[in-house]
Amino acid sequence: MAFLTEDQFTALQLLLKAPSKDAVRQICTESYPAGASKSQSIAEKTANALSVSNSEAMQLLTAFHMLSHHVVYQNLTSPEQILPIFPESFHSNLKNLITKIILENSVTWRNEALSSQISLPKLVDLEWRVDMKTASDSLSRMAVPTCLLQMKLQDTPCISGGPSESTVTMELSKETLDTMIDGLGRIRDQLSAVARK
Amino acid sequence: MLQLHFTNDTLPDNVSTDFQNLNKLSEQLHIVLLPHQSERFLRQLTEFAGENGMSAGPLRALMKSVLLLPHGALKRNLTAEQVKADLLSLGLNEDKARHFSDQWRIHYPVLSRLAVGQTLMVNQLVDMEWKFGVTVGTSELQKTGNIFLQLKLVIRKGNTTENVYMELTLPQFYNFLHEMERAKASMDCFS
């Protein structure tokens, strides 16, 4: 499976110049996030740590980025699945170290990918309040309960920019609330039917 | 000065004249007087006027005064007896007063429920649509299997509606349901 070019594997071997295993680990974890392989500051840090040029550091970061994303995408979970990716000539200790680092982090990386995938604005917080209406312009005395609901939604764009929060406040009459709970109950029943299968 | 149940204000002179004029109408007017449906009511009046050979203009003016009583009575939660007493004080004859107060007794629950329904509501939730499904794969993960729930809430803002879309995870959904049931329990305490 040679989706990484020979040059990229060569670039990976630059990691042999690292002063310690922890340095390797740090370089690897820093290069995982989406924009990392294009970030100047990370490239510089890596170049300094390994005493190589900036462009070589960039190549290394890109190579590791592709490798780690491939492992997470394919959900490779054991060393036996990852080791065959490397070419025969690859330094064997480095190969084992890289595999170990990737496996250590793959669960975290996977969960992160799940939580930051494309979605509609996510419900972040929910608050409610029950009021009693006692008078209005059409009735000078009444006793009507009503529910106020406030939901905080957060929209995190996948590609760029920061999260944006919005708040929605709404009022529900007793009938509306009953109907809503009916609907939610039906969802719950369907969910448990699906879970049982 | 007349002491009336349905209002504390001084009524203009024409109002009591108008009530007395009601006596002159030989037909019984079977109408349910809904406070905010004046347009439909005026149309019915014009039809009635046409059917019975009287002009619509004076009839409409008369009815405007007459409507003051049901509006005030609804606002102050008057009983049928109080309504009848006011009608008699204003000069309506016994027969029509009794008929009107009987109609009032019959239709009062509907009228007050309609009045409650017309009470101001801010950002009223009008509709809720939902769908749930399973995410099969993403650009980062070839195979996944986690469940998502999407809600669309339709909120009335003034004359237009606004759609709010959101996504919930399963734990969030169960929390949402739990909170709504708590709110319902709280509301049930009051009714």
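Between chain B and chain A of this predicted model, 17 residue pairs are in polar contact, both residues of each pair being at pLDDT 80 or more. Several elements of chain B supply two or more residues to the side that touches chain A: the helices α3 (56-75), α5 (94-117) and α6 (170-188), together with the strands β1 (124-135), β2 (146-157) and β3 (160-168). The greatest share comes from α6(B), which gives 15 residues to this side. Sorted by class, the side of chain B that touches chain A holds 28 nonpolar, 15 polar and ten charged residues.

Charged groups also meet across the interface of chain B and chain A, where two salt bridges are found. One of them joins A:Lys174 to B:Asp188, with 2.9 Å between the closest N and O atoms.

The extent of the interface may be described in residues and in area. Chain B and chain A each bring 53 residues to the contact. The size of an interface is often expressed as the accessible area that is lost when the parts come together. For chain B and chain A, the buried area is about 5200 Å², and carbon and sulfur atoms give 70% of it.

Chain B itself contains six helices and three strands. Of the contacts in chain B with a separation of 6 or more, 53% are between residues 24 or more positions apart. Chain B has 191 residues, of which 36% are buried.

Notes
Residues numbered from 1 in each chain as written. Chains lettered and ligands numbered in written order. Predicted model: local features only at pLDDT ≥ 70, side-chain atom pairs only at ≥ 80, totals over all residues. Heavy atoms only, no water. Contact = heavy atoms within 4.5 Å. Buried area = accessible area lost by both parts, 1.4 Å probe. Salt bridge = Lys/Arg side-chain N within 4 Å of Asp/Glu carboxyl O. Polar contact = N/O pair within 3.5 Å; in protein donor to acceptor, adjacent residues only side chain to side chain. Helix = DSSP H or I, 4+ residues; strand = E, 2+ residues; numbered from the N terminus. Nonpolar A, V, L, I, M, F, W, Y, C, P; charged D, E, K, R; others polar. Buried < 20%, exposed > 50% of the residue type's maximum accessible area, 1.4 Å probe, protein only.
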